[in-house]
Amino acid sequence: MAAEARALDPAALAGHRDHPPRMGFFTDTSICIGCKACEVACKEWNAVPEDGLLLTGMSYDNTQGLGASTWRHVAFIEQPGADHDGLRWLMSSDVCKHCTEAACLDVCPTGALMRTEFGTVIVQDDVCNGCGYCVSACPFGVIDRRPSDGGAHKCTLCYDRLGAGLMPACAKACPTESIQFGPLDELRERAGQRVAELHDAGRSEARLYGEDPDDGVGGAGAFFLLLDQPEVYGLPPDPVVTTRELPRIWRHAGIAAASLALAAVAACVSGRR
Amino acid sequence: MAECHPVGFQWVMEAKARGATVIHIDPRFTRTSAVADRYVPIRAGADIAFLGGVINHVLNSETYFKEYVLAYTNASTILTEDYADTEDLDGVFSGLNREDRFYDFDTWRYQGGDVRPASGDRSDPDERPHVRGRVRQASRGEAHGSGGAAASAWPETDDTLQHPRCVFQVLKRHFARYTPEVVEQICGVSQEQFAEVCRLLTENSGRDRTTAFVYSLGWTQHTTGVQCIRTAAILQLLLGNIGRPGGGIMALRGHASIQGSTDIPTLFDLLPGYLPMPHAWGNEDLDTYVRAETVQKGFWANTRSYMVSLLKAWWGDAATAENDFCYDYLPRLTGSHSTYETVLAQLDGTCKGYFLYGQNPAVGSANARMQRLGMANLDWLVVRDMVMIESATWWKDGPEIQTGEQRTEEIGTEVFFLPAAAHTEKSGSFTNTQRMLQWHHEAVEPAGDARSDLWFTYHLGRRIREKLASSVDDVDRPVLDLTWEYPLRGSLDEPDAEAVLAEINGWDAEQHPLSAYTQLTDDGSTACGCWIYCGVHADGVNQAARRKPGQQQSWVAPEWGWAWPANRRVLYNRASADPDGKPWSERKALIWWDEEKGRWVGHDVPDFIADRPPFFRPSEGATGPAAISGVDPFIMQADGKGWLFAPAGLVDGPLPTHYEPQESPFPNLLYGQQHNPVRQLLRHPENRYQPSGDQPGADVFPYVTTTYRLTEHHTGGGMSRFLPYLAELQPAFFCEVSPQLATERGLEHLGWATVVTARSAIEARVLVTERIRPLEVQGRTLHQVGLPWHWGPNGYTTGDAFNELAHLALEPNVHIQEVKAMACDIRPGRRPRGPALRELVRRYQERAGITDETGTEV
Amino acid sequence: MKSRTGRRDGGKQMVPEAEFTSYYGRPVLKETVWEADIPSYLFLGGLAGASSALAAGAQLSGHPELARTAKVGAAGAISLSLAALVHDLGRPARFVNMLRVFKITSPMSVGTWLVSAYAPLAMGAAASTVGRKLPRAGLAASAGAAALGPAVAAYTSALLADTAVPAWHDARRELPYLFVGSAATAAGGLGLLAVRPEAAGPAVRLATLGAAAELSAEQLLDRRLGPEAEPYRTGRAGVLLRTGQLLAIAGTGAALLGRRSRAVSALAGATLLAGSAVTRFAVFEAGRASVRDPKYVVGPQRDRLDARGG
Amino acid sequence: MISMDTRRWIESWPVFRQVAEHDPFGLGAAVKSRRTDQLEPRVRRADEVVKSVCPYCAVGCGQQVYVEAGRVTQIEGDPDSPVSRGRLCPKGSASLQLTTGDAREYRVRYRRPFGTEWEDLDLDTAMDMIADRVISARSTGWQSHFDGVRTRRTLALASLGGATLDNEENYLMKKLFTALGAIQIENQARL
């Protein structure tokens, strides 16, 4: 509760007045069947290009990770000896986290990245000049530049669909409702119940990831129920938005700049003597 | 199910969330296993042994549903003294003719009553054994697909179930040797795991609870496929799980209208509605046909009405009582003419012209090489597809061109490729896996030369009729008399699919649409293209196009689409109520007898005569529907009961028996009989079989391979391999092997492996995974090799086709190939190129000592 | 997938083998899309900014030759720097979109505005001094460029530090000093290279100060980060960084000792310039290396979590 | 005085809007482009939404086909369907690419006997040629009797159909081929 009270309203902070509730994803990986409908539905709707035909040998994951041309990515992890039948096969559909404190958005120098009235973060393709800053800023390794068009791309949480009251394509397709879409508050509540349910059923390994507004990104707009540590799924265990350090970075840069000016003066003045 | 029917699987996940236990039994740990409560690895081809073991457990532990079994199954029915079981004959049933490889059914009969039902003369029309063999081959078991076949309607029974020849006791004896120890030895399933499955199944069955079985081709694509489903049926009947909500045995079919393709069959042995295709022996005219194919009791007693209505639909005014309603226009069978015999007919030059409608046998049919060789021997081939599939291009760049066996300029086959319309470009109905018809509407007209198959067939027929119009040859009468007038629509002259549906539904003498098959008559006053679909166009309304949102309906959702028969969603649902007509429990209520209304009521449409009370007993000698008693839920069966013992309808035994697959590294532990004795073998130099069990040379093929689908692909790949969005998800043909097998054979993860059988060798990338586990079978370690079957040389992702490896040894009832369990060898590295490929296969055949005789023993 | 991956050898400190988990060893973060353009941009921007400061100092302190050279150098460097920046864009034609917004949260935005103000001033200053026209405006431009120059030289440290790239972000405290030191070294080096030794006194002193700052910052960084400084020590980045250090030391030494010789002095200047450039590439490479191996991302975060008991 | 155009330009300049629209950090409202502002999902532009059924497996998931200016622009799950509740698997989700993708063939192709390449052929000619071949093969393979019993059939014609055929298509095929006396009429349903 305390956390919720402290939770930021990112849409308001981005100048959206009278905005709709913040929308997001809750991806419950405990019921993911790894069908990859989300990947295809996303591509069909957003006309994202095919992303390479590489057999990776990473279980059934030939997508490898999120990127400019993959906005949903299903991870597959085979864990021998981990479950009742001697094998656990984890599947999880990853997506842009739509952070409350979004580094990609903060560092974008053109305003191509934008916080929408739904609290989500999108790339405006008509604005992006492909500077690539967002790529290095994202603590989740989500956004990337697409070589074929030079622009940065990532999940938009189907912003166009949201505006028309439609569900994002991936959530709509998901056969088992592993991907749930809705107002973030509701999703957080539902997720909390689901974890409690799983814990009651003896599945103590269930945990939420990205749900905590007190975490390093102020809570994610797309969060997850995981059955193992985040890094097992290729997620950073404790990401922190880089911009939190920016004031101190600026201060040091300022001091350094002043030092340089002083050094230049000193170099010239001392020479006179 | 999660792998191949993910959207259907949502209901399993929902059930699981509500507390259901999900058990997954599969040679591979799949995406279904990943979310199941229990996963049981099993040797491919050992399912009957496993299920037989469960049956044995249920009988021994007396955990069967006693009231249900007594009231609704044939458990109490007494068999004739002539019947001899596999227990008596070391793995075969009485009546086996070893010469001509078929069973005489005469001894598989109920005692008493009319041994030969008056209205259904099932005796063999011709006593000559080779003819009887041919009649068997014509899939008499597949006809009456909804269950019925000849059997005595009034047999003797023993309600104490103590009579030594009652079905219950026979069943007990038959399955007695399927002990947990045997299950462990044959299936590679530990006794603990087996015991747990038994416990879970039995605890979850009874008045308050039901268990459902879900299967797919993992059960059917075996030389014992039908018997495998039968085993499940016996088990579900014993547990009282048939005809009840949450129960049943669900076939998860793999194509949009594969159910429809059997209901309105493009199958050699069937006419629409599971009416058998006439046979040359015993079906000479309508009377003999009806006499042979009709039963005494239940709705199959009206076969004549169904047949006459069909003939009226096809030949209209030309069909009259005087000319047997043009019955003679129907061609006759003289044996099996399945697609695999067709290939032989192509190879021997009998078959000259071949149509492929959205089918790709060059990679998608078993023994793909033989399929291509057959096509190379045709005069002409018409391929209708949306993309350039291998069956259209083999003459240019097929494997036989690569090996140098064939040269393009020496292949005489004339090939027409005609682009087909997509489902969005035509209207029509699909029948889904739960027998529900759903209409899809044309969204846009097809572009270019693309046309629907309806268009193609209609206009081809029109042209042929025009060309033959002046013919006076009697042979052409069936074509010229055919009713072939359909309204044409749009700029492409597309036949109106709804007009075709209306014909399928049928009409009466005044051309009014019929609303139920019970209205059909045998006097020629009704026409109906498929009697079980009668009602789909009731009141002239396309019932298949009904789309009342699910949210606005009950959980049965009866106003979405239309399910045959009569829009019933759960078949035999009379069994959901007890003999008195009350639900077995409130929790599991589906339909029940409403005393006040004098009708069956409930959530579903009753699959029973609506006003027949539970206490109704027919008078002796009653026939047809009138003979159905108030406690006969199985209204299509000749005795109204669920069949634990199948006195008719199957050509390979009244009870399921574990036989080893055609090619197995193991001997049959249960009997001296290794294989299904009446499995159908196609002897041909290109279809050599491997030695099995203890036979010399069997060790050349020490592993078992099984084939399957991946979520990301579809069938032979024609609808997935060509799509970048799907191709990228599974971008290469691979084989899945255990780490232990990888070590044993030096296979490297992501490296190449070559898989070899007596037919061919294919290469695949290697995925080493714990999801494939070695099993302990008959005292040694068995490795299984998983091979998805979606690949071929064309498309966006390419690879060898699994079907190169497959042989043609067919299930005798339905002629399905055995691709789910086959012995093979695997070796590291890529397969040879050019002539060396055939040389490799030849060397393997030599090492295993394979001859024309190998694997063909009874 | 659990892998027992020890922090690889090559560094001075060997840390105990740590177990860390990753997804098939794949990077958690995206490798930067920036290529050689960006370290070049860092170097040139630093060179330009520090040169403008040096030019002003030189002008005020009566080193007109050095002032002129520094102004021209600054103008040239900033032009090349801008070219590098534009070239590195995925859509270079949209460079101007950088001026749609002003974002204090984006060092690149701040830097762009800064450079947009600075570049004309630096070019004006150079034009004035080369063309010997509009001296007053030239003076004003020089003053403006000198005022903004240090900021131009320093902001790029923020640009790198304000990312998720562990080697860059972790170095956020030292990076500004390292960068301005490197900038000063480069500006001094340019002076040495282009100006007679006797007129280049301030350049030598600036370079010396710069090199000292640069080397100290590197030492501090190494000490403070401990094992997490591994990306700076190992691989290509390690080689580059050590080369940069050697060049800085050698260049400074040669500059101090070879004041009499034009050739030695010029060589010292070139060495210092090279050292500065190499150092920028070293930092850039360290960042790339720290993203390529997920242990640099996962390890510290996991340690942090475990320390919190999470 | 600044012109209206200039003024409008300045007012649309995000830097100006950062101040004017209470978005000082330039994160949202201020930086929205006109294109973004006018964004609309393409399904909203559809002239027609046609109810359909997924053509892949036999679950029978409901689909909605969006048609705009005579072209299919999107295919999605039909939320009304009690079978699928609007959901689709990866294959069903790829239906748009299946039906409108680059792999589709739209022209008749013809390979003459012993030919080495495809040739063009117009549909009408192809249909006529096929009709001729059917008639001829039918009579070549005609068999009125076999082993002394009446068969009234031809063995020279065969067909193998996929199980994505509509019921109506199967029905016409069975009807036509049976009337022609062909019996080797088969389907994926066997396999």
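**Interfaces and local architecture of the predicted assembly**

In the predicted model, 99 residues of chain D are in contact with 129 residues of chain B, two residues being in contact if their C-beta atoms, placed from the backbone, lie within 7 Å. Helix 7 (residues 167-180) of chain D supplies the largest share of the side of chain D that touches chain B, namely 13 residues; helices (H or I, at least four residues) and strands (E, at least two) are DSSP runs, numbered from the N terminus. The side of chain D that touches chain B comprises 52 nonpolar, 23 polar and 24 charged residues, where Ala, Val, Leu, Ile, Met, Phe, Trp, Tyr, Cys and Pro count as nonpolar, Asp, Glu, Lys and Arg as charged, and the others, Gly among them, as polar. Among the 5 pairs of chains that touch, chains B and D have the most contacts. Chain B and chain C, by contrast, are joined by no contact, and their closest C-alpha atoms are 13 Å apart.

Residues are numbered from 1 along each chain as its sequence is written, while chains are lettered from A and ligands numbered from 1 in the order in which they are written. As the model is predicted, local features need pLDDT of at least 70 and side-chain atom pairs count only at pLDDT 80 or more, whereas totals for chains, interfaces and linings use all residues.

The model scores ipTM 0.95 and pTM 0.95. Chain D has a mean pLDDT of 95, with 99% of its residues at 70 or more; pLDDT is the predictor's confidence in each residue, from 0 to 100. For chain C the mean pLDDT is 91, and 94% of its residues reach 70 or more. Within chain C, confidence is highest in helix 5 (residues 166-170) of chain C, at a mean of 97, and lowest in strand 1 (residues 2-5) of chain C, at 40. The pLDDT is below 50 over residues 1-17 of chain C, a stretch that has 28 contacts in the model beyond near neighbours in sequence. Where pLDDT is low, the predicted coordinates should not be read in detail.

Strand pairing also links chains B and D. Strand 11 (residues 414-419) of chain B pairs with strand 4 (residues 109-111) of chain D in the antiparallel sense over 3 bridges, strands being paired if DSSP finds at least two bridges between them. Phe416(B) has Tyr110(D), in strand 4 of chain D, as its bridge partner. Chain B also contains an open sheet of 3 strands, in the order 12-13-16, with antiparallel pairing. Strand 12 (428-431) and strand 16 (562-563) of chain B are its edge strands, each pairing on one side only. Strand 13 (residues 436-440) of chain B runs antiparallel to strand 16 of chain B, to which 2 bridges join it, and Leu437(B) stands opposite Trp562(B) in strand 16 of chain B. Helix 7 of chain D packs on this sheet and touches strand 12 and strand 13 of chain B, its direction making about 95° with that of strand 12 of chain B (axes are lines fitted to C-alpha atoms, for helices over the stretch in contact, and angles run from 0 to 180 degrees between N-to-C directions).

The contact between chain D and chain A takes 29 residues from chain D and 30 residues from chain A. On the side of chain D that touches chain A, the elements giving two or more residues are helix 3 (34-37), strand 3 (71-77), helix 4 (90-93) and helix 5 (95-100) of chain D. By class, this side has 12 nonpolar, 9 polar and 8 charged residues.

Strand 6 (residues 142-146) of chain D and strand 7 (residues 149-161) of chain D run antiparallel and are joined by 4 bridges.

In chain B, the domain assignment (bounds come from an automatic or database domain assignment) gives domain 1 (260-290 + 297-333 + 494-545), domain 2 (339-479) and domain 3 (680-847). The centres of domain 1 and domain 2 of chain B, taken over C-alpha atoms, are separated by 26 Å. Contact between these domains involves 12 residues of domain 1 of chain B and 13 residues of domain 2 of chain B. Helix 21 of chain B gives the most to the side of domain 1 that touches domain 2, with 3 residues.
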